[in-house]
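Hi,

Here is the model I promised to pass on.

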Protein chains: 8
Amino acid sequence: MKVAIIMGSDSDFPVVKDAYDILKSFGVTVECRVMSAHRTPDKAIAFAKNAEHEGFEVIIGAAGKAAHLPGVLAGCSVLPVIGLPIKSSTMDGLDSLLSIVQMPSGVPVASVAINGALNAGLLALQILSIKYPEIRAQFHDYKKQMAEAVEKKDANLQSQL
Amino acid sequence: MKVAIIMGSDSDFPVVKDAYDILKSFGVTVECRVMSAHRTPDKAIAFAKNAEHEGFEVIIGAAGKAAHLPGVLAGCSVLPVIGLPIKSSTMDGLDSLLSIVQMPSGVPVASVAINGALNAGLLALQILSIKYPEIRAQFHDYKKQMAEAVEKKDANLQSQL
Amino acid sequence: MKVAIIMGSDSDFPVVKDAYDILKSFGVTVECRVMSAHRTPDKAIAFAKNAEHEGFEVIIGAAGKAAHLPGVLAGCSVLPVIGLPIKSSTMDGLDSLLSIVQMPSGVPVASVAINGALNAGLLALQILSIKYPEIRAQFHDYKKQMAEAVEKKDANLQSQL
Amino acid sequence: MKVAIIMGSDSDFPVVKDAYDILKSFGVTVECRVMSAHRTPDKAIAFAKNAEHEGFEVIIGAAGKAAHLPGVLAGCSVLPVIGLPIKSSTMDGLDSLLSIVQMPSGVPVASVAINGALNAGLLALQILSIKYPEIRAQFHDYKKQMAEAVEKKDANLQSQL
Amino acid sequence: MKVAIIMGSDSDFPVVKDAYDILKSFGVTVECRVMSAHRTPDKAIAFAKNAEHEGFEVIIGAAGKAAHLPGVLAGCSVLPVIGLPIKSSTMDGLDSLLSIVQMPSGVPVASVAINGALNAGLLALQILSIKYPEIRAQFHDYKKQMAEAVEKKDANLQSQL
Amino acid sequence: MKVAIIMGSDSDFPVVKDAYDILKSFGVTVECRVMSAHRTPDKAIAFAKNAEHEGFEVIIGAAGKAAHLPGVLAGCSVLPVIGLPIKSSTMDGLDSLLSIVQMPSGVPVASVAINGALNAGLLALQILSIKYPEIRAQFHDYKKQMAEAVEKKDANLQSQL
Amino acid sequence: MKVAIIMGSDSDFPVVKDAYDILKSFGVTVECRVMSAHRTPDKAIAFAKNAEHEGFEVIIGAAGKAAHLPGVLAGCSVLPVIGLPIKSSTMDGLDSLLSIVQMPSGVPVASVAINGALNAGLLALQILSIKYPEIRAQFHDYKKQMAEAVEKKDANLQSQL
Amino acid sequence: MKVAIIMGSDSDFPVVKDAYDILKSFGVTVECRVMSAHRTPDKAIAFAKNAEHEGFEVIIGAAGKAAHLPGVLAGCSVLPVIGLPIKSSTMDGLDSLLSIVQMPSGVPVASVAINGALNAGLLALQILSIKYPEIRAQFHDYKKQMAEAVEKKDANLQSQL
C-alpha cells in the first residue's frame with residue numbers, strides 16, 4: 001500500500017501533515033513531496049506518469065490559490081487523485097476550492113474541504129480499503145472510536161451543565 | 001464490481017445518467033436509487049449501513065441545494081462516497097457544492113464538480129481500478145481515446161481556419 | 001416546556017451558550033447535547049425520532065461547515081427545528097449557512113444568522129409562546145427592555161457628543 | 001389557527017402561493033396581504049403591531065432584493081416570523097437571503113430557502129402543531145406520504161433501468 | 001444645514017465617527033442617534049417621519065448584518081438617505097452591503113462602501129452643496145487639499161527610492 | 001434644475017431609460033450622454049469638469065462590468081454623483097456593483113441597486129428637492145401614489161383569494 | 001509576429017474567435033489550437049516548451065471551469081501568457097476566473113475578463129507593439145476609431161431624445 | 001527599458017515593493033509613483049498620456065477597493081497595462097480584483113492575482129523580453145533558479161520525514 005502526497009509548496013506541510021499522519025498510523029507507506037505544477041512542471045508530470053508503475057495506488061495533491069496541481073496530476077495518471085484545497089492569504093480558500101473541484105469532464109479530482117487534510121487521508125484509506133481488508137478493518141475501528149469520542153464529549157457537556 | 005448511485009430526487013436523473021452510463025459501459029454493476037436524506041432518512045441510512053455487506057464498493061451520492069445525502073451516506077458507511085452536487089434553480093449550485101465538499105473532519109466525501117456526473121462515474125472507476133486490473137486497463141484506453149478525440153478536434157479546427 | 005439544543009461538536013458550545021442561557025432565563029427546560037450527523041448519526045437520528053415523545057417541543061441544531069445536523073434532525077422529527085449556522089475557520093460561515101437554510105422542499109429548517117445563537121433561543125421562545133402565555137408575557141417584557149437598552153445607549157451617545 | 005402571509009409585492013404571489021395552499025389544505029385560516037416595508041411602512045407596521053391581538057399566531061414575510069419586510073414585521077411583533085427570500089432578477093436571491101437571515105441579535109427571523117414557499121408553509125404548520133394536536137397529526141401523515149412518494153419514484157426509476 | 005446620523009447600534013460609532021467629524025468640520029449641525037429598525041422601530045420611524053419638518057436635509061443611516069435601518073428611514077421620509085454598510089463579525093460586510101444597496105424600486109438608498117463613513121459624510125456635503133454655496137466652496141478646497149496630500153505622498157515616495 | 005445621465009455604452013439605455021423618464025416627468029432638464037471612462041476618457045473627464053459650471057446639479061453615471069465611469073466622474077467634479085451598476089452578461093452585476101460602491105475614501109459615489117435605474121432617478125430628485133420645493137412637493141405626491149398602488153394591489157389580491 | 005491561441009475545448013472557439021479576428025486584422029500570424037491541460041497534457045506542454053523557439057511571442061490560453069491551461073502553459077514557457085476565462089454552464093465564470101488569475105508567485109498569467117476574447121487579442125497586440133512600431137501605429141488608430149464610435153453613438157442617442 | 005509602477009495610495013507600497021524589486025534586479029529602470037484615479041485624476045491621466053513618449057514600455061497600476069486606476073491608465077495609453085489588485089480591509093480583495101479584471105471590450109488590463117506584486121513585475125519582464133534578449137536570458141535563469149529552489153525544498157522535506 002503506497003500513497004503519494006504532493007504539495008505545491010513546502011509551506012503547505014503544516015496543513016498537509018494531518019493526511020500524512022493518519023495514513024502512517026494505518027500502516028500505509030507515504031511518499032510526501034514538494035512539486036509545483038507551475039514552477040517544476042516536469043517533475044510533477046514525470047511523477048504522475050510513473051506513479052502507477054512505482055506502485056502508488058492513490059495520489060493526494062495539495063495546493064492553494066489557482067491550485068492546478070491535483071488536476072495536472074490527474075491529467076497525467078490513471079490513479080485516483082484526491083485534491084486538497086489549501087487556504088491562502090486572500091479569498092479564504094474559495095479560489096483553491098474552485099480550481100480543484102470544478103474539473104472539466106473526463107479528468108476527475110476527488111475534492112475534500114478547504115484545509116481538510118485529515119479527510120484527504122481518510123478518503124485515501126477508504127479507497128485503499130476496497131482492496132485491502134486490513135485497512136477496512138482498521139477503518140471500522142477508527143469510525144467507532146470517533147463516535148465514542150463524540151459520545152464522551154456529549155457526556156462531559158451534560159455533566160457540566 | 002458493484003457501485004451504488006443514490007440521488008435525492010428523481011428529477012436529478014437526467015444529470016446523473018452520465019455517471020450511470022459510463023459505469024455500465026465499463027461493465028460495472030450499478031444500482032441506481034432515489035432516496036432522500038430528509039424525506040426518507042431511514043431508507044437512506046439503512047442502505048448505507050448495508051452497502052458494504054451487500055457487496056457495494058463505491059457509493060455515488062447526488063443531491064442539490066442543502067445537499068446532505070452524500071454526507072449522511074458517508075456517515076453511515078465505511079465505503080468511499082463520491083458527492084455529486086446538482087445545480088438547482090437558485091444559487092447556481094454553490095449551495096450544493098459547499099454542502100457536499102465542506103465535510104467536517106472525520107467523514108470525507110469525494111466531491112466532483114457541480115453537475116459533473118461523468119467525472120463522478122470516472123472517479124468511481126478509478127477507485128475500482130486499484131483492485132480490478134480489467135477496469136484499470138479499460139481506463140487507460142478511455143484516457144487514450146479522450147486524448148485522441150481532442151487531437152481530432154484540434155485538427156478539425158486547424159483545417160477550418 | 002422543553003427545548004433540545006443539539007450541536008455537532010462541543011467546540012460549538014461557546015457560541016451556542018447564548019441560546020442555552022436565554023432559554024434557561026425564561027424558565028424553559030433545556031437539554032444540551034453533542035451529537036453529529038456524520039460521526040454519531042445513530043444517536044442523532046434516534047434522538048430526533050424520540051424527541052416528540054420525550055416531550056421536546058422545539059429542537060435547535062447548531063453545526064458548521066457542511067452543516068447537515070439541523071436538516072437530518074428535521075428529516076427525522078415533526079418538531080420545528082431551528083438551524084444555527086456556526087462560523088468555522090474557512091468560508092466565513094457561508095458554507096454553514098447555505099447547508100442549513102437551502103433545505104429542499106418538504107423538510108424545512110428555520111435558519112437564523114451565522115453564529116446567531118441568541119436569536120436561535122429567542123425564536124424557540126417565540127414558538128413556545130404560541131402555546132404558553134407565560135412565555136409570551138416574558139417575551140413582551142424582553143422586547144421592552146431591549147428597546148429601553150437601545151434608548152439608554154442613544155441617550156449616552158447624545159450626552160457625549 | 002390563523003397565519004398571515006405578507007408579501008412585499010403582488011408579483012411575489014406565484015412563488016408565495018405554495019405556502020398559502022399548504023396552509024389552507026391543513027385547514028388553517030390564512031390572510032394573504034401585499035404590504036411593503038418601504039412603500040407602505042405604516043400599513044406593514046400597523047399590521048405587525050395588531051397581529052397578536054387579531055389572533056394571528058405565525059407571520060410569514062416574503063420579500064426580494066433588500067428584503068426588509070420580515071425583519072420589520074419581527075421588530076413590531078412578538079409572534080414568530082418566518083422569512084421567505086424571493087429570488088429577483090439579479091443576484092440570484094443572495095441579496096434577499098442575506099437581508100432576511102442575517103438579522104442582528106434580539107430580533108430573530110426564521111429563514112427558509114430562497115423561493116422555498118412550501119417550506120415556509122410547512123414550518124408555520126410545525127410551529128402551530130406544538131399547540132394544535134390536529135395539525136401535528138396531519139403533519140405526521142404529510143411526512144409519511146412524502147416518504148411514500150419518494151419510494152414510489154425510487155421504484156419507478158428501478159423499473160426503467 | 002442639519003444632517004442626521006442614525007446608527008443601529010452604539011458599537012457602530014467608532015466607524016461612524018468619520019462621517020460625524022467631517023460634517024462638523026464643514027460647519028454642519030449634526031444629530032447623531034442610536035435607533036434600531038428592529039429593536040426600536042417606533043423611534044426610528046417617528047424620527048424619519050419628522051425629520052423633514054425638524055429641518056434635517058439629509059439622513060445617514062448606518063447598520064450592519066441584515067441592515068434594514070437606512071431602507072426603513074427612506075421608506076418613512078422624502079429626504080435623501082445615505083446608507084453606510086457596517087462590517088460585522090461574519091460575511092465581511094457583504095450582508096450589510098446587499099441589505100442596503102439592493103433596495104427595491106421606488107425607495108432609493110444612496111449606498112457608500114462598507115465602513116465608508118468618511119464618504120458618507122462627504123456625500124452628504126455634496127448633496128448640501130447643491131443648495132449651500134459655502135459648502136460647495138469648502139468642498140472645492142477639500143478636494144484640492146486631498147489632491148495635494150496625494151502629491152506630497154508621491155514626492156515622499158520618490159525621494160525614498 | 002438640470003441632471004446629467006452619463007452611460008458607458010448606448011446598450012445601457014434600455015435600462016437607464018427609467019431614470020430619464022422619471023426625471024422628465026418631474027420637469028427636470030436631463031442631458032443623457034454616452035461617454036466611456038475607458039474609450040472616451042477625455043470626453044468623460046471634460047464633461048465632469050465642466051458640469052458644475054454648465055449648471056448641472058446631479059450626475060448619474062451608469063456602467064457595467066469594471067464600472068469606472070461613476071468614480072471617474074466623481075473624481076473630476078464636486079457634484080453629487082449617483083452610480084447605477086448595470087448587469088452584464090457575466091457575474092450577474094456583482095462586478096459592476098463592487099466597482100461602483102466600493103469607492104476609496106475621499107471620493108464618494110452614491111450607489112443604487114444593480115439595474116436600479118428608477119431609484120437612481122428618484123435619488124436625484126430627492127437631492128434636488130433639498131433646494132427646489134416644487135420637486136419636494138411632487139415627491140410627496142409620488143410617495144403617496146406609490147403607497148396607494150400597493151394598497152390597491154393588496155385589495156386586488158384579497159378579492160381574488 | 002506570431003501569436004498562439006490555445007483553447008481547452010473546441011466548444012470555446014465561438015468565444016475565442018474575437019481574439020483570433022482582431023489579431024488577424026492587425027496582420028499578425030495566429031496559430032489557433034485545441035489542447036487540454038488535462039486531456040492532452042503532453043501536447044499542451046510540448047507546445048509551450050517549443051513556443052519560444054518556433055517564433056511565438058505571445059500565448060493566449062482560453063479555458064473554462066477549473067481552467068488550468070493558461071497556468072500550465074505559463075509554467076512551461078518564458079513567453080507572456082494571456083489567460084482568457086471562459087464562462088461555463090455553472091458558476092457564471094467565477095471558477096474560470098479564479099483558476100486563471102490567482103496564479104501563485106513566480107508564474108504570472110495576464111488575465112482578462114470572463115469571455116473577454118477581444119481584450120485578450122488587444123492585449124496581445126499591445127504587448128507586440130512594444131517591439132513592432134507598425135502594430136503600435138495601428139493600435140493608435142484602433143483606439144481613435146473606438147472613441148469615434150462611442151462619440152457617434154452619443155450623437156445618435158442625443159438626436160433621438 | 002523603463003517601466004512605470006503607479007499606485008493609488010502610498011499605503012500600497014509595502015505590497016507593491018515586490019514588483020519594484022524584481023524589476024530593479026533585472027536592470028530595468030522603474031519609476032514608482034503615487035497617483036489616484038479619483039483624488040488626482042489629472043496627474044494620473046497626464047502621466048498615462050505621456051508615458052509612451054517618455055519612453056515607458058509597460059505600466060503597472062496597483063489599487064484597492066473600487067480599483068479604477070489600471071483601467072483609467074489603460075484608457076489613456078496604448079501601452080500594455082498590468083493591473084495589480086490590492087487587498088483592502090473589507091471584501092478580501094474581491095472588489096479590487098473584479099474592478100480590475102472585468103474591463104469592458106476595447107480596453108484590456110492584464111490582471112494578476114490579488115496582492116500578486118511579484119507576478120506583476122515578472123509579467124512586465126516577460127513583456128519586455130519579447131523585445132530585449134537580455135531580459136529573456138535572465139528570465140530563463142530566473143525560472144531555472146525557481147525550479148531549483150522548489151527541488152531543494154522537496155529534498156529538505158524528504159530528509160525530515
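First, a word on terms: by contact I mean heavy atoms within 4.5 Å. With that cut-off, 39 residues of chain B are in contact with 39 residues of chain A.

Before going further, some housekeeping. The model is predicted, so local features need pLDDT of at least 70 and side-chain atom pairs count only at pLDDT 80 or more, while totals for chains, interfaces and linings use all residues. Residues are numbered from 1 along each chain as its sequence is written, chains are lettered from A and ligands numbered from 1 in the order in which they are written, and side-chain values use heavy atoms, with hydrogens and water left out.

**Chains B and A**

The size of an interface is often given as the accessible area lost when the parts come together. Here, buried area is the accessible area (1.4 Å probe) that two parts lose on being put together, summed over both. For chain B and chain A that comes to about 3400 Å², with carbon and sulfur atoms giving 62%. On the chain B side, Val78(B), Pro108(B) and Ile130(B) supply 20% of the area buried against chain A, more than any other three residues.

(Copies are superposed by least squares on the C-alpha atoms of residues with pLDDT of at least 70 in both.)

**Chains D and B**

This contact takes 14 residues from chain D and 18 residues from chain B. About 1400 Å² is buried between them, 64% of it from carbon and sulfur atoms. Within chain D, the residues that lose the most area to chain B are Val150(D), Leu157(D) and Leu161(D), together 33% of what that side buries.

Chain D superposes on chain B (RMSD 0.0 Å) by a rotation of 90 degrees with 0.0 Å of shift along its axis. The two copies are thus related as by a four-fold rotation axis. This time the copies use different surfaces: 7% of the contact residues of chain D recur in chain B. Asp92(D) is the residue of chain D that comes closest to the rotation axis, at 5.6 Å (C-alpha).

Chain A and chain E share no contact, and their closest C-alpha atoms lie 11 Å apart. Chain C and chain F have no contact either, with 17 Å between their closest C-alpha atoms.

**Helix packing**

Helices (H or I, at least four residues) and strands (E, at least two) are DSSP runs, numbered from the N terminus. Axes are lines fitted to C-alpha atoms, for helices over the stretch in contact, and angles run from 0 to 180 degrees between N-to-C directions. Angles under 35 degrees count as roughly parallel, over 145 as roughly antiparallel, 65 to 115 as roughly perpendicular and the rest as oblique.

The contact is made by Leu94(A), Asp95(A), Leu98(A) and Ser99(A) from H4(A), and Leu94(G), Asp95(G), Leu98(G) and Ser99(G) from H4(G).

Inside chain E, helix H1 (residues 13–25) packs against H5(E) at about 30 degrees, with the axes 7 Å apart. H1(E) is therefore roughly parallel to H5(E).

The axes of helix H5 (residues 117–128) of chain E and helix H6 (residues 133–160) of chain E come within 8 Å and cross at roughly 135 degrees. H5(E) and H6(E) are therefore oblique to each other. Leu118(E), Leu122(E), Leu125(E), Gln126(E) and Leu128(E) in H5(E) meet Ile135(E), Phe139(E) and Tyr142(E) in H6(E).

Cheers
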